[in-house]
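Here's a quick briefing for anyone meeting this structure for the first time. Take a look, then read on.

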Amino acid sequence: MEYLIGIQGPDFVLVAADNVAANSILQMKHDADKMFKLSEKILLLCVGEAGDTAQFAEYIQKNVQLYKMRNGYELSPSAAANFTRKNLADYLRSRTPYHVNLLLAGYDDTDGPGLYYMDYLSALAKAPFAAHGYGAFLTLSILDQHYRPDLTRDEAVDLLKKCIEELRKRFILNLPSFTVRVIDKEGIHDLETLTSGPK
Amino acid sequence: MALQDLCKLQEVLVDRLSAGCSSEPFGTTTGCNYVSGSPFSDAGMFHFYIPAAEYLEESPIRFGQIRPVRSVGAASSPDSPALSWPPGLPLASSHCVPLPFPMAHGTTTLAFLFQGGVMVAADTRSSCSGLVACPASQKILPIHSHLVGTTSGTSADCALWKRILARELRLYQLRHGRRVSTSGAAKLLARMLHPFKGTELCVGATLCGWDGGAAGGGRDPGKNPSSVSGASLCYVCSDGTRLQGALFSVGSGSPYAYSILDQGVKWGLTVDQATAVAREAVYRATHRDAYSGNCVDVYRVSSEGWTRRTREDLKEEYYREEERRGRPSE
């Protein structure tokens, strides 16, 4: 039902998430933001079971901010991803596991851009591009076909538009709009919200 | 739960800030089942009642949870397109002991923002497995002078949690001298309900309130009009969902209400027009949904507080409409 996608370029990461907050068959909100800002250059995209997403993502968000307050410097994207994975793994075999699928995107000043894929079983993988949701089945092969490590920002946005067009055409559910953001060495930038036009 | 681990994180990372926040702070010894909302309890910041997960294990009924551990992936799968219907009934996917008696579910409640504040409406039928347990129940509960909440799901759970929320908000107001905002109240309610996730507790509440002073708390008037007014609307569900928005309808009759509201609700409605739309939406939903019916309550929250319209029996409305359409009933 929900869709997340991330594409890493040579000096940026492009991420997008759909904007629908659904409950059973109804769209309760058309402008939901599924991205959580962990720090100035790290975004956590979170989808999954209804309450678990916000609870878990906010918990991670506050802990990352707490780390910065205590130690004076921020967690790197890789450290934040591993911290998130550890928390997911710890709760996995408890009475209350969190059923969430995540993408963590960030820019490290030494290592450059990074995109981390995490699923509800707390698997973690650093990947050049990734997607979550049923829409991932439809779009991963487009990413396989067209992705190059030296994409420019415009080419990455075009690739994203191709993926959204495929969803509009073939995905049974209606995902009318997507929030798009880019992370680079200057920080997090909002791009224009992408809408899928009429069929 | 999460707070527990935050405390352990403290021990691992830096220092023990207060001796009071030790490894077992959560009410297991004295039977006192609440925790202070923050480990920094001597700072006197926030004292909120948030139930501890351990309490659920001590209760004889166990709130519908069974052991062993709920297996991952076997529980409600959010990606499954086979959705249970109607949405007002408990999902069949959670593994629970059978309830001791059928709970009351099924309703139509709605709320939306407009220039005159927040318009809130609900039906008054409490159903219980196919019979009407109470035709005159109250589904819109005032929480304080500028906040009302609609209830959907299990009536008993909603009534209880609304009272607990009202108590916590009142304590906050006495301690800090100002009211909690609507979205803050919603966050508090969501956190209080989180330990009960996976049990049969079912609360779908919309908190409708007016924040700040009469002028809306000095927000930037350059943005859209809804940010100038203090009207605020937040949907909270016992599965943990918390959404802020301008229009919500909750309950088994909500799809019917949504279709009327999506056509008729605009920001610039007058109070009378908004009342008419809200009433019409509830009326249509009660006509089609078996679990909604009887009367309609309409409330409005504005800068002066909440006001209530007299409860109206929708049976009369049905007969009036039949007359209008030229089908006088016998």
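What percentage of the 330 residues of chain B count as buried? The share is 45%, where buried means under 20% relative accessible area, exposed over 50% and partly exposed in between, with a 1.4 Å probe and protein chains only. Keep in mind that this is a predicted model, where local features need pLDDT of at least 70 and side-chain atom pairs count only at pLDDT 80 or more, while totals for chains, interfaces and linings use all residues. Residues are numbered from 1 along each chain as its sequence is written, chains are lettered from A and ligands numbered from 1 in the order in which they are written, and side-chain values use heavy atoms, with hydrogens and water left out.

**Chain B in outline**

- Chain B has 7 helices and 14 strands; helices (H or I, at least four residues) and strands (E, at least two) are DSSP runs, numbered from the N terminus.
- Take the contacts in chain B between residues at least 6 apart in sequence: 64% of them join residues at least 24 apart. Contact here means heavy atoms within 4.5 Å.

**Two helices in chain B**

- Helix H5 (residues 254-264) of chain B packs with H6(B) at an angle of about 155°, their axes 8 Å apart. Axes are lines fitted to C-alpha atoms, for helices over the stretch in contact, and angles run from 0 to 180 degrees between N-to-C directions.
- That angle makes H5(B) roughly antiparallel to H6(B); angles under 35 degrees count as roughly parallel, over 145 as roughly antiparallel, 65 to 115 as roughly perpendicular and the rest as oblique.
- On the H5(B) side, the residues that meet H6(B) include Tyr256(B), Ala257(B) and Ile260(B), and their partners in H6(B) include Val277(B), Glu280(B) and Ala281(B).
- Sorted by class, this contact of H5(B) with H6(B) has 7 nonpolar, 1 polar and 3 charged residues. Ala, Val, Leu, Ile, Met, Phe, Trp, Tyr, Cys and Pro count as nonpolar, Asp, Glu, Lys and Arg as charged, and the others, Gly among them, as polar.

**Two buried residues in chain B**

- Ala281(B) sits in helix H6 (residues 271-288) of chain B, and counts as buried because its relative accessibility is 0%.
- Leaving aside neighbours within four places in sequence, Ala281(B) is in contact with Leu110(B), Ala257(B), Ile260(B) and Leu261(B).
- Ala281(B) and Leu110(B) are 171 residues apart in sequence, yet 8.4 Å apart in space, C-alpha to C-alpha.
- His144(B) belongs to strand E7 (residues 140-144) of chain B, and at 17% relative accessibility His144(B) counts as buried too.
- Apart from neighbours within four places in sequence, His144(B) is in contact with Leu169(B), Arg179(B) and Trp306(B).

**Helix packing in chain A**

- Over in chain A, helix H1 (residues 50-71) and helix H2 (residues 77-92) pack at an angle of about 135°, with axes 11 Å apart, so H1(A) is oblique to H2(A).
- Phe56(A), Tyr59(A), Ile60(A) and Asn63(A) of H1(A) make the contact with Phe83(A), Thr84(A), Asn87(A) and Leu88(A) of H2(A).
- Those residues divide into 5 nonpolar, 3 polar and no charged.

**Nonpolar cores**

- The largest nonpolar core has 27 residues, and Tyr3(A), Ile5(A), Ile7(A), Leu14(A) and Leu160(A) touch the most other members. A nonpolar core is a set of buried Ala, Val, Leu, Ile, Met, Phe, Trp, Tyr and Cys residues joined through side-chain atoms within 4.5 Å.
- H4(A) gives this core its largest share, 7 residues.
- A second, separate core of 24 residues includes Val180(B), Met192(B), Phe196(B) and Val236(B).
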